Amino acid sequence: MRGVVYHGPGDVRVEPDLPMPTVRGPRDAVVRVTKTAICGTDLHPYRGEIPGFESGTVLGHEFTGTLVEAGSGVSLHVGQRVVASDIVACGRCERCARGEHYQCELVTLFGYSTVVGAALPGGQAEYVRVPYADVVLAAVPDDLTDEEALFAGDILSTGYAAIQATAMLPGQVVAVVGGGPVGLCAAMCAIAAGAARVVVTDLDQERRERANRLGFTASSPAGLSAALARAGAPDGAPAVVEAVGTDAALAAAVRAARPCATIAVVGAHHAPDLPFPAGTAFARELTVRFVVGDPIRYRDQVLALVRADRLDPAALVSHRMPLSAAAEAYHLFDRREAFKVVLDASG
Ligand SMILES: NC(=O)c1ccc[n+]([C@@H]2O[C@H](COP(=O)([O-])OP(=O)(O)OC[C@H]3O[C@@H](n4cnc5c(N)ncnc54)[C@H](O)[C@@H]3O)[C@@H](O)[C@H]2O)c1
Ligand SMILES: [Zn+2]
Ligand SMILES: [Zn+2]
């Protein structure tokens with residue numbers, strides 16, 4: 001079978017002869033992938049930011065497809081269309097029972113080498129083995145296409161988790177630092193939760209234009225305070241999402257926060273230490289929460305919002321390409337020439 005294989009920074013290749021995955025235990029399933037997306041998280045190894053990321057890794061953690069084989073412990077039937085959670089969790093340990101799936105003793109992430117738990121081949125491939133499939137997979141509702149359900153497996157559920165973590169109230173102004181796919185998912189979820197306005201800040205002019213087109217208020221990082229004031233939050237936003245994962249973005253999130261605000265950090269931070277404006281955070285009594293999206297917990301709510309047309313995943317997709325064009329797709333995504341790429345693995 002074909003799949004997208006990491007060979008080092010800037011080097012991904014579609015390989016034609018990868019081993020076919022098989023069911024190894026009662027809770028395993030094999031999915032024939034239809035749609036799979038490239039995530040900003042995939043850019044971290046692509047940009048060489050994760051030393052030790054293993055060459056030979058089949059990439060990808062956002063995918064939908066059709067169940068083709070299932071162990072006896074999986075109640076979904078063969079032929080069912082499914083969306084996978086990017087996070088793989090057992091669903092049975094104490095932490096899973098508390099709903100803390102990313103803290104599962106057995107947690108892993110598809111296609112991400114050994115960065116999060118044990119290595120597991122990813123979903124940018126024609127077929128993928130899904131462990132704990134009774135927990136990790138969800139049925140795609142009949143009235144949604146595979147593409148419409150795809151982002152419930154990661155970025156939409158992550159945006160939703162971020163907004164939940166800010167404890168935002170209807171009528172409030174929300175600030176989002178980073179207007180990439182994750183930031184815009186958080187912005188969409190804020191509007192769905194009743195935010196009065198969402199101010200999205202990004203360094204990139206085209207990304208700001210996209211945010212404006214989707215009905216958000218875009219600003220440069222330098223203009224963020226003024227934009228918040230114009231949006232009705234002169235003291236800063238009560239709810240802030242950081243969707244970048246850098247020191248500068250976290251500092252911008254602190255600057256955007258009004259006293260007693262909550263900042264939800266969904267941008268992936270990999271540095272062992274980070275400079276943090278602790279004085280400002282203390283003076284303003286800020287709450288800073290690091291949040292990993294949890295599709296297992298939130299995908300039902302997210303899919304319901306997509307079905308009700310209150311979240312619009314199609315607005316995020318800039319490129320639809322065949323799996324065979326994955327190397328070009330990574331290149332475009334890395335250079336921000338593509339906003340969000342959906343690869344078709346079925347052709
Ligand atoms: N926590 C989770 O569960 C989860 C899930 C998915 C992705 N992520 C992470 O979220 C982050 C964003 O993902 P994405 O797919 O949107 O990636 P992306 O790289 O497409 O988007 C990041 C955006 O941030 C902007 N940016 C960079 N520095 C900035 C700054 N100082 N101020 C304002 N904007 C700035 C960039 O121009 C870009 O538009 C990544 O770190 C990714 O790993 C986390
Ligand atoms: Zn992701
Ligand atoms: Zn568990």
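**View 1. Burial and overall build of the predicted model.** Buried residues make up 51% of the 347 residues in the protein. A residue is buried if 20 or more other C-beta atoms, placed from the backbone, lie within 10 Å of its own. This is a predicted model: local features need pLDDT of at least 70, side-chain atom pairs count only at pLDDT 80 or more, and totals for chains, interfaces and linings use all residues. Residues are numbered from 1 along each chain as its sequence is written, while chains are lettered from A and ligands numbered from 1 in the order in which they are written. The C-alpha trace spans about 55 × 40 × 40 Å along its principal axes.

View 2. Domain 1 covers 3–154 + 313–344, and domain 2 covers 157–290. These bounds come from an automatic or database domain assignment. The domain centres, taken over C-alpha atoms, are 27 Å apart. Domain 1 gives 13 residues to the contact and domain 2 gives 12 residues. Two residues are in contact if their C-beta atoms, placed from the backbone, lie within 7 Å.

**View 3. Helices H5 and H11.** Helices are DSSP runs (H or I, at least four residues), numbered from the N terminus. The axes of H5 (residues 155–166) and H11 (residues 295–307) come within 9 Å and cross at roughly 95°. The axes are lines fitted to C-alpha atoms over the stretch in contact, and angles run from 0 to 180 degrees between N-to-C directions. H5 is therefore roughly perpendicular to H11 (65 to 115 degrees). H5 brings Leu156, Ser157, Tyr160 and Ala161 to the contact. H11 brings Pro295, Tyr298, Arg299, Gln301 and Val302.

Note on methods. Helices (H or I, at least four residues) and strands (E, at least two) are DSSP runs, numbered from the N terminus. Angles under 35 degrees count as roughly parallel, over 145 as roughly antiparallel, 65 to 115 as roughly perpendicular and the rest as oblique. A residue is buried if 20 or more other C-beta atoms lie within 10 Å of its own, exposed if 12 or fewer, and partly exposed in between; C-beta atoms are placed from the backbone.
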